[in-house]
Amino acid sequence: MEARIRIRNTKSVVFKWIIILLAFMITIPLIVILVYIIKQGVMQVNWHFLTNVPAPVGEPGGGISNALVGSIIIVAMSSMIAIPIGMLAGIYLSENPGTRLAHYSGLCVDILQGVPSIVVGIVVYFWVVKPLGTFSAISGSIALAMMMMPIVIRSTEQTVKLLPDTLKEAALSLGVPYHRVILKVIIPCGFSGILSGIMLSVARIVGETAPLLFTAFGNPYLSTSITKPMQSLPLLIFNYATSPYDDWHNLAWGASFMLLMLVLILNISTKLVTRKWNIQL
Amino acid sequence: MKWETVFKRLLIAMSVALVIIVAGILITLIVQSMPSIKSLGLGYLWGKVWDPVQNIYGAYPFLLGTLLTSFTALIISIPFSYAIAIYLGEYNTRGWLSDLLKNTVELIAAVPSVIYGFWGLFVLVPIVRSLEMKIGVAPYGVGVFTSSLVLAVMIIPYAASLGTSLIRMVPSPLKEGAYALGATRFEVIRSVILPYTRSGLFAGILLSVGRALGETMAVAMLIGNTTTLGNTFKEIFFGPGNTMASVIASQFTEADHTVYLSALIELGLVLFFVTVIINLIGKRIITKYTNN
């Protein structure tokens with residue numbers, strides 16, 4: 001009897017340690033990748049690197065200013081498209097649960113969230129690139145906006161649902177019109193929750209490459225025209241990482257470092273904002 | 001018209017726009033893959049040869065590559081994602097250590113896939129190459145196996161974070177009942193927690209698979225992009241290959257005639273259907289589970 005209990009207890013303890021061991025093994029790849037990217041990338045980053053376009057093959061130096069500017073423009077345009085649509089649709093979903101439209105658009109949000117990013121790229125190629133006759137920054141932004149929308153919608157919907165109904169009722173009973181209740185009461189009250197969703201979605205799309213392959217396409221020169229091909233950080237990393245030149249690999253390491261830092265900062269600051277809101281995405 | 005009405009209509013319009021976007025994606029994919037569906041028929045899906053120069057298109061190598069990478073990645077990732085879910089959900093639900101692990105898992109999901117691919121190309125590929133030399137297969141370094149390893153790391157967070165929140169939702173009377181009968185912690189986990197959360201954990205796996213199937217960049221950089229299949233399983237598993245997503249990424253801009261382009265889009269259509277169905281089933285299970 002004693003021995004049986006001892007065996008069961010030992011089994012329990014052994015199981016616990018196996019679980020702990022397996023669970024913490026996930027930190028290894030993260031640390032290895034972070035350390036490697038920082039080691040390779042931090043040496044590359046200096047003022048020259050940030051303000052110059054990539055040098056041609058064979059010439060040392062050069063920078064990634066075209067990709068930095070491109071990423072900022074593309075992501076800013078995507079945000080301008082996705083945030084208003086996403087917030088309005090999210091408010092509709094939380095204010096009108098149970099209607100047929102809410103059911104179908106809720107379903108569409110789930111579908112959109114699951115669409116592989118490369119498929120988004122194909123579709124936007126036929127929607128924008130083909131009719132315009134050229135790869136363009138705006139088509140890249142539209143593709144990224146489609147990836148951003150589901151996150152903005154869900155975070156808006158969940159934040160607004162968490163707000164007490166009495167808040168809205170109090171404002172309505174004072175005779176405030178519906179749109180002002182939403183814009184001046186509901187959105188400001190849920191602001192940090194919605195903001196966290198927006199930041200998370202920006203962090204998600206800033207590193208997206210696949211939707212940009214057939215849309216923004218990439219550009220070795222600095223371009224600010226939204227109807228022309230434009231470089232972005234992930235595209236530059238992809239193109240230069242798969243090239244055979246060491247100088248270009250170095251540019252790609254530097255760009256990876258910048259991109260990784262950007263994503264980490266966005267994620268960590270989102271975490272600080274969301275402490276208050278318990279949002280599941 | 002009053003502002004109030006305008007605003008209400010705007011809300012409706014945006015929700016309708018969502019439905020239109022999703023319907024538009026589906027219609028665009030179907031219309032654009034029509035030339036290939038018409039000229040290649042159903043045989044396209046199990047044709048073994050992909051040779052655009054000869055105008056022969058068979059999707060079998062890519063279907064096999066996709067299934068093989070996703071399945072291998074899943075098998076590798078399951079023990080880790082379950083362990084994380086059990087640790088964070090049962091053993092250590094709060095405190096700094098638990099927060100540290102939780103944030104690590106979230107950061108794993110946040111690292112862009114192109115960075116995984118770049119890192120894999122320069123760090124993992126040489127390691128795999130020397131491993132392949134030891135076990136006596138052609139030392140390509142890149143290939144199905146390498147992609148699966150990186151994919152496994154990338155998909156762990158999806159099953160892990162869902163699993164964590166589900167395990168935390170197990171009612172404590174159930175667990176306390178088992179403890180009161182003298183069960184050890186291992187026995188409680190095995191006979192109470194895991195059976196109770198089974199369908200939810202399965203949904204987490206489905207979401208992970210959906211991620212793995214559609215993952216493009218890391219795989220495109222690591223799989224070696226060949227369109228021919230090896231003869232033996234060992235050759236296929238360790239040798240270079242291609243997945244549906246990676247072949248679209250690498251050949252879409254090169255596709256110079258209608259059927260070629262359309263064949264690639266048909267791959268996209270298949271990918272769309274498969275991932276969407278898997279995701280919807282996963283989501284359906286989760287909603288059903290959390291409502292009960």
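This is a predicted model: local features need pLDDT of at least 70, side-chain atom pairs count only at pLDDT 80 or more; totals for chains, interfaces and linings use all residues.
## Overall build

Chain B holds 12 helices and zero strands. Helices and strands here are DSSP runs, numbered from the N terminus; a helix (H or I) needs at least four residues and a strand (E) at least two. Chain A likewise has 12 helices and zero strands. The radius of gyration of chain A, taken over C-alpha atoms, is 24 Å.

Residues are numbered from 1 along each chain as its sequence is written, while chains are lettered from A and ligands numbered from 1 in the order in which they are written.

## Confidence

The score pLDDT is the predictor's confidence in each residue, from 0 to 100. Chain B averages 92, and 100% of its residues score at least 70. For the complex, the predictor gives an ipTM of 0.93 and a pTM of 0.94.

## Size and packing

Along its principal axes, the C-alpha trace of chain B spans about 75 × 70 × 30 Å. The C-alpha atoms of chain A fill a box of roughly 75 × 65 × 35 Å.

A residue is buried if 20 or more other C-beta atoms lie within 10 Å of its own, exposed if 12 or fewer, and partly exposed in between; C-beta atoms are placed from the backbone. Of the 292 residues of chain B, 48% count as buried. For the 281 residues of chain A, the share is 48%.

Two residues are in contact if their C-beta atoms, placed from the backbone, lie within 7 Å. Take the contacts in chain B between residues at least 6 apart in sequence: 75% of them join residues at least 24 apart. In chain A, residues 24 or more positions apart account for 75% of the contacts with a separation of 6 or more.

## Where the chains meet

In chain B, 65 residues are in contact with 66 residues of chain A. Helix H1 (residues 3-40) of chain B gives the most to this side, with 19 residues. The side of chain B that touches chain A divides into 48 nonpolar, 12 polar and five charged residues. Nonpolar means Ala, Val, Leu, Ile, Met, Phe, Trp, Tyr, Cys and Pro; charged means Asp, Glu, Lys and Arg; the others, Gly among them, count as polar.

Ile122(A) sits in helix H6 (residues 117-132) of chain A. With 31 C-beta neighbours inside 10 Å, Ile122(A) counts as buried. Leaving aside neighbours within four places in sequence, Ile122(A) is in contact with Phe214(A), Ile248(B), Ile265(B) and Gly268(B).

## An enclosed helix

Helix H11 (residues 233-241) of chain A has nine residues, and eight of them are buried, so this helix is largely enclosed by the rest of the structure. Among the buried residues are Leu233(A), Pro234(A) and Tyr240(A). The buried residues of H11(A) pack against helix H4 (65-95) and helix H12 (246-274) of chain A, together with helix H4 (113-135) and helix H9 (217-222) of chain B.

## Helices that bend

H4(B) has 23 residues, but its end C-alpha atoms are only 29 Å apart. A straight helix would reach 33 Å at 1.5 Å a residue; the expected span is 1.5 Å times one less than the number of residues. H4(B) bends by about 45 degrees at Gly120(B). The bend is the angle between axes fitted to the seven residues ending at a residue and the seven starting there. Gly120(B) is one of the buried residues of H4(B). Gly136(B) follows H4(B) and has a positive phi, near 80 degrees.

Helix H2 (residues 60-91) of chain B has 32 residues and should span 46 Å; its end C-alpha atoms are 45 Å apart, which agrees. Still, a kink of about 40 degrees lies at Ser77(B) in H2(B), shortly before the proline Pro79(B).

## Two positive phi values

Most residues other than glycine have a negative phi. Phe217(A) has a positive phi near 70 degrees. Phe217(A) is found in the loop between helix H10 (191-206) and H11 of chain A. Phe217(A) is buried, with 22 other C-beta atoms within 10 Å.

Asn55(B) also has a positive phi, about 65 degrees. Asn55(B) lies in the loop between H1 and H2 of chain B. Asn55(B) is exposed, with 12 other C-beta atoms within 10 Å.

Notes. The radius of gyration is taken over C-alpha atoms; the globule rule is 2.2 Å times the number of residues to the power 0.38.
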